[in-house]
Amino acid sequence: MSAVDVEIDQYLSGVRAALADLPTEVQDDLVDDLPAHFAELLDEHRGPLVERLGPPEVYAAELRTAAGLGARTGTRRRWPAVNEDLADKAAALARTADLKIGAVIGYPKATDFVRLLRPAWWVFRAYIVTLLFFEVTLHENPIYNPVGWVVLIALALLSVRIGPITPRLVRWARGPAVLAAAVAVLVALAASPGRTYYQPSSDGYSDRWSQVTDVYPYDKNGNPLSDIYLYDQNGTPMEFGDAWRCATEDQRYGSQPYIPRYPLCKGPVMASPSASPSTSTSPSPSSSPSPSASPSLAPSPSPSK
Amino acid sequence: MHSTLHRVDTTQLLKGVLDLAVLAALRDDDGYGYDILRRLRAAGLDDVGDASVYGTLRRLFQGGFLTTYVVPSEEGPHRKYYALNAAGRAQLGSSSKVWCTFAQSMDRLIEEPGVAS
């Protein structure tokens, strides 16, 4: 490719870029004559194309005005003509639906009603952001946390304050903003119903312990205890976790009613025999072992009998 | 129009008569784009824009006033020649009349001080 060809190509693609909103065949039609013309101009050796013809964009603007195609409509419409047609049809359909639904619910247009709901959305999005933040950082619902309420109210105030200016977001930011909001709502909806904290279940104990499969009691010296019965304030045996997990045949099918004894299964909390020599000493020489001492730190219980 | 006073400049005037100018440039001879541009400039229309001519040619062709044919050239790319067809000639005739009447009126208006006062 010669230097002349390169220059022609560059100028031509500049012109084409400025015509990009037009259907392809119109573009082709408009620039059809130009390569030959530019070649001839350059043949005269009177300076580069940009000097003789001005910037490609200006050239393209003049071309389309003279061709009676009107000014450029914007860069967005780069689709082929067929898609543009489809988009127009879809837009017309949406407008009709807007009017029809509006008539049913008593507004000129359905979007008029939706617009009335915008302040509600401003509050709701503050809730979503708070919810997501608390879920991710603290794994808890902000509704059950005083700090959550403070954050929620602050965000709601901010959100409503900036609410009216959000429609004025620059055009390129609008798409991503709507997308982000949609994703956030979906995530929030997915996250909230599955996480109901401190809500008493029908069994009388909290769902908070629903993940528990077994209970490992220790005495104050850190010695593991076994065969522990747990009763609530009414004297009813408590069933934590998977009470039948390690039940024996006798317990399962015996005539005695089964009351689970903890730990349900024999063995160390986190079975790792190699890491824990079988000693039954206190986990730490400290004189104040508290029940809150992490069981996982405790040495493995003595070999079970 | 109160806001802007248009000073007469050739570019503005050309907009209205470019169709007629291009048709006229093709009256005696077919031509390709640059041909036509040169003819217009030779006739004294120095301000005619390069792109304006090509745009106008496309519009006239779309309007059915021109026919085209391609002539291969030995050096460089082929050239698309434009020619007036019957509709183009009729358009040239009627537009010429309109222009002549308009130009005469303007001439009289400008050159005879008695009319303006």
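Helices (H or I, at least four residues) and strands (E, at least two) are DSSP runs, numbered from the N terminus. In this predicted model, local features need pLDDT of at least 70 and side-chain atom pairs count only at pLDDT 80 or more, whereas totals for chains, interfaces and linings use all residues. Residues are numbered from 1 along each chain as its sequence is written, and side-chain values use heavy atoms, without hydrogens and water.

Chain B contains 5 helices and 3 strands, arranged from the N terminus in the order α-β-α-α-β-β-α-α. Of its 117 residues, 34% are buried, that is, under 20% relative accessible area with a 1.4 Å probe and protein chains only. Chain B exposes about 7,400 Å², of which carbon and sulfur atoms supply 57% (Shrake-Rupley method, 1.4 Å probe). Contacts (heavy atoms within 4.5 Å) between residues at least 6 apart in the sequence of chain B join residues at least 24 apart in 45% of cases.

In chain A, helix 1 (residues 3-18) packs against helix 3 (residues 34-43) at an angle of about 135°, and their axes lie 10 Å apart; axes are lines fitted to C-alpha atoms over the stretch in contact, and angles run from 0 to 180 degrees between N-to-C directions. Helix 1 of chain A is therefore oblique to helix 3 of chain A, a class left over once angles under 35 degrees (roughly parallel), over 145 (roughly antiparallel) and 65 to 115 (roughly perpendicular) are set aside.

From helix 1 of chain A, Val4(A), Glu7(A), Ile8(A), Tyr11(A), Leu12(A) and Val15(A) meet Leu34(A), Pro35(A), Phe38(A), Ala39(A) and Leu42(A) of helix 3 of chain A.

Definitions and conventions:
Chains lettered and ligands numbered in written order. Buried < 20%, exposed > 50% of the residue type's maximum accessible area, 1.4 Å probe, protein only.
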